[in-house]
Amino acid sequence: MKAAFRDRAHAGRELAKMLDEFRGTAAWVVAIPAGGVPVAAAIARQLGLPLDVAPVSKVLYPWTTESGYGAVAFDGSVLLDEAAIESRGVKPAQVEKATADARAKVERRLARLRAGRPPLALSGRTVIVVDDGIAGGSTMRAAIAALRRQAAGKIVVAVPTAHKAALDAISQLADETFCANVRAGGGSFAVADAYEEWRDLPDEEIQALLENRVR
């Protein structure tokens, strides 16, 4: 299938067209790093909205660096898919280690990307939570749950691409959902397939995008 976007910044500009109703409002754009930051930065610039980050990290299967069965959110909460753990035969010690690794990654990103800034204060606000795509959905589910605990007034999920089944599930949890490129069908789904340019983003690049955020 042909790529829908040149890169994450292009995806953000395209997604911003769908989010024009939020232009000039009191909404905050909140990115899930790393890949969600350039998407969210483009949205924030296009719509004149403030940008922040909400680190969330997948709890990974021991045999992969991409696929997970849960996530740790920025508030320290843990979401695990117990059915997946059982069906894939993940041992308790493996779950414990993977959860600890995810927690450490979240804490490192909080310290680095939100250094010197107060905790997210989103009570009563409309929050547009952004990632570069949704495959399984565990990261976004954990983010939504954490934002609910922050008493966000309205949670809007905005992603450039997603698998339809995962997007349908996320839509049940969010107040509104926007996706520019919905992909269906069986077999494997990779967020990267929607992009011509796909690469890992170092924290230094993420920091630079955040330093230029709308204030």
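The model is a predicted one. The count of salt bridges comes to 13, and three of these pairs are treated individually below. Two helix pairs are then described, helix 1 with helix 2 and helix 2 with helix 7.

- The side chains of Asp-101 and Lys-97 form a salt bridge, with N to O at 2.8 Å.
- Both Asp-101 and Lys-97 belong to helix 4, which covers residues 92-113.
- The two residues are four residues apart, about one turn of the helix.
- Asp-101 has a relative accessibility of 40% and therefore counts as partly exposed.
- Lys-97 has a relative accessible area of 54%, and it is classed as exposed because this value is over 50%.

- Glu-176 and Lys-154 meet through their side chains in a salt bridge of 2.5 Å, N to O.
- Glu-176 lies in strand 8 (residues 176-183) and Lys-154 in strand 7 (residues 154-163), so this pair ties together parts that are 22 residues apart in sequence.
- Glu-176 is partly exposed, at a relative accessible area of 22%.
- Lys-154 is likewise partly exposed, at a relative accessible area of 27%.

- A salt bridge links the side chains of Glu-205 and Arg-199, with N to O at 2.7 Å.
- Glu-205 is partly exposed, with 29% relative accessible area.
- Arg-199 is also partly exposed, with 34% relative accessible area.

**Packing of helix 1 against helix 2**

- Helix 1 spans residues 8-18 and helix 2 spans residues 36-47; their axes come within 7 Å and cross at roughly 40 degrees.
- Helix 1 is therefore oblique to helix 2.
- The crossing of helix 1 and helix 2 is right-handed.
- On the side of helix 1, the contact is made by Arg-8, Ala-9, Gly-12, Arg-13, Leu-15 and Ala-16.
- On the side of helix 2, the contact is made by Pro-38, Val-39, Ala-42, Ile-43, Gln-46 and Leu-47.
- By class, the residues of this contact comprise eight nonpolar, two polar and two charged.

**Packing of helix 2 against helix 7**

- The axes of helix 2 and helix 7 (residues 203-211) come within 10 Å and cross at roughly 15 degrees.
- Because angles under 35 degrees count as roughly parallel, helix 2 and helix 7 are described as roughly parallel to each other.
- Helix 2 and helix 7 pass each other in a left-handed crossing.
- Val-37, Pro-38 and Ala-41 of helix 2 are in contact with Ile-206, Leu-209 and Leu-210 of helix 7.
- The contact of helix 2 with helix 7 has six nonpolar residues, with no polar and no charged residues.
- Pro-38 is listed in the contact of helix 2 with helix 1 and also in the contact of helix 2 with helix 7.

- Val-29 is located in strand 1, residues 28-31.
- With a relative accessibility of 0%, Val-29 counts as buried.
- Leaving aside residues up to four places away in sequence, Val-29 touches Ala-40, Ile-43, Ala-44, Leu-49, Pro-50, Leu-51, Asp-52, Ile-128 and Val-130.
- Val-29 and Val-156 are 127 residues apart in sequence, and their C-alpha atoms are 9.3 Å apart in space.

**Backbone features in loops**

- Pro-33 and Ala-34 are joined by a cis peptide bond, with omega at about 10 degrees.
- Ala-34 is in the loop between strand 1 and helix 2.
- Ala-151 has a positive phi of about 65 degrees, although this residue is not a glycine.
- Ala-151 is in the loop between helix 5 (138-149) and strand 7.
- Ala-151 is partly exposed, with a relative accessible area of 39%.

Key: Residues numbered from 1 in each chain as written. Predicted model: local features only at pLDDT ≥ 70, side-chain atom pairs only at ≥ 80, totals over all residues. Heavy atoms only, no water. Salt bridge = Lys/Arg side-chain N within 4 Å of Asp/Glu carboxyl O. Buried < 20%, exposed > 50% of the residue type's maximum accessible area, 1.4 Å probe, protein only. Axes fitted to C-alpha atoms, helices over the stretch in contact; angles between N-to-C directions. Parallel < 35°, antiparallel > 145°, perpendicular 65-115°, else oblique. Left-handed = near helix turned anticlockwise from the far one by under 90°. Contact = heavy atoms within 4.5 Å. Nonpolar A, V, L, I, M, F, W, Y, C, P; charged D, E, K, R; others polar.
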